[in-house]
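Welcome! Take a moment to look over the model, and then let us walk through some of its features together.

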Amino acid sequence: MTPGERRAAIVDATLRVMVRQGIAGTTVRDVAAEMGTSSGLIHHYFASMDELLAEAFDRVASDDLARTAAAVASVHDPVDRLSVFFDVYNRAGDDWGMQLWLDAWAEASRRPALQQTSKRLNEAWQSLVVSLIGDGVDAGVMTCDDPDAAAWRIISLLDGLALQAVAHGDLVATDDATRWARAYAEDELALPRGALRSKTGHET
């Protein structure tokens, strides 16, 4: 392998371990065992476990962001774009993906590189919602005096409900979580009820 390929293989192995054991439970020894190699090889490519965990989390979270941005960009109508955002963003329907986010938030205060990565990605998600709201306001189909604050409220509600759905599925069902978030966004943006109904047909 080239150095770049070896580094990517280490990140791949780290992700597999992270999904099984969580971020806090992932060690250099675990990653080395996953690859069938020595811990020394991991240390050769990554200065710290924090750096490795941050890069692994960055890869999967950035892929999610890129996928969502591409999905909304393929839709012309501003309201439909926001509805598609909800369809694709739905972390509550992706237990392992949401679990990685929960782990990252929990570990961020102890791992500076992971904190910086999760903060940057959260800001990128919020910026995407700001642009969607701005498009709707410009088109005259949404009403919002402060898209920046509204986007943070929508993102925070989505993530809070997704946390409940993943951690306590018997208390908050995934379909309820996404439906409540859509209804909140409709009220926030002065949209008619049902305007942000799912385009996938998976939600009532």
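Most residues other than glycine have a negative phi. Please keep in mind that this is a predicted model.

**The whole chain**

How many helices and strands does the protein have? There are nine helices and zero strands, so the pattern read along the sequence is α-α-α-α-α-α-α-α-α. The C-alpha trace spans about 60 × 35 × 30 Å along its principal axes. Of the 204 residues in the protein, 45% are buried. Contacts can also be sorted by how far apart the partners are in sequence: among those between residues at least 6 apart, 64% join residues at least 24 apart.

**Where H1 meets H4**

Two packed helices are described by the angle between their axes and the distance between the axes. For H1 and H4, the axes come within 9 Å and cross at roughly 85°. The two helices are therefore roughly perpendicular to each other. On the H1 side the contact is made by Arg7, Ala8, Ile10, Val11, Asp12, Thr14, Leu15 and Met18, and on the H4 side by Glu51, Leu52, Leu53, Glu55, Ala56, Phe57, Arg59 and Val60. By class, these residues divide into 10 nonpolar, one polar and five charged.

Some of the charged residues here also take part in salt bridges. Arg7, Glu51 and Glu55 are linked in a network of them. Aspartate 12 and arginine 59 form another, with their side chains meeting at 2.1 Å, N to O. Aspartate 12 belongs to helix H1 (residues 3-21) and arginine 59 to helix H4 (residues 49-73), so this pair ties together parts that are 47 residues apart in sequence. Are these two partners buried or exposed, or something in between? Aspartate 12 counts as partly exposed at 32% relative accessibility, and arginine 59 is partly exposed too, with a relative accessible area of 28%.

Side chains of opposite charge can pair when their charged atoms come close. How many salt bridges does a search of the whole structure find? The search finds 15.

| Residue and residue | N to O distance |
|---|---|
| Aspartate 12 and arginine 59 | 2.1 Å |
| Arginine 16 and glutamate 34 | 2.8 Å |
| Aspartate 187 and arginine 193 | 2.7 Å |

The side chains of arginine 16 and glutamate 34 meet in a salt bridge. This pair links distant parts of the chain, since arginine 16 is in helix H1 and glutamate 34 is in helix H2 (residues 28-35), 18 residues apart. Arginine 16 counts as partly exposed at 41% relative accessibility, and glutamate 34 counts as partly exposed at 26%.

Aspartate 187 and arginine 193 give a further example of a salt bridge between side chains. Here aspartate 187 counts as exposed, at 53% relative accessibility, and arginine 193 counts as exposed at 57%.

**Where H5 meets H9**

Now turn to helix H5 and helix H9 (residues 174-188), whose axes come within 11 Å and cross at roughly 155°. H5 and H9 are therefore roughly antiparallel to each other. The crossing of H5 past H9 is right-handed. Which residues meet there? Ser83, Phe86 and Asp87 in H5 meet Ala181, Arg182 and Ala185 in H9. Sorted by class, this contact has three nonpolar, one polar and two charged residues.

**A closer look at valine 84**

Valine 84 is also found in helix H5 (residues 78-89). Why does valine 84 count as buried? Its relative accessibility is 13%, and buried means under 20%. Leaving aside residues up to four places away in sequence, valine 84 touches Ala71, Val72, Val75 and Lys199. Another residue gives a sense of distance: alanine 54 is 30 residues apart from valine 84 along the chain, and their C-alpha atoms are separated by 28 Å.

Conventions. Residues numbered from 1 in each chain as written. Predicted model: local features only at pLDDT ≥ 70, side-chain atom pairs only at ≥ 80, totals over all residues. Heavy atoms only, no water. Helix = DSSP H or I, 4+ residues; strand = E, 2+ residues; numbered from the N terminus. Buried < 20%, exposed > 50% of the residue type's maximum accessible area, 1.4 Å probe, protein only. Contact = heavy atoms within 4.5 Å. Axes fitted to C-alpha atoms, helices over the stretch in contact; angles between N-to-C directions. Parallel < 35°, antiparallel > 145°, perpendicular 65-115°, else oblique. Left-handed = near helix turned anticlockwise from the far one by under 90°. Nonpolar A, V, L, I, M, F, W, Y, C, P; charged D, E, K, R; others polar. Salt bridge = Lys/Arg side-chain N within 4 Å of Asp/Glu carboxyl O.
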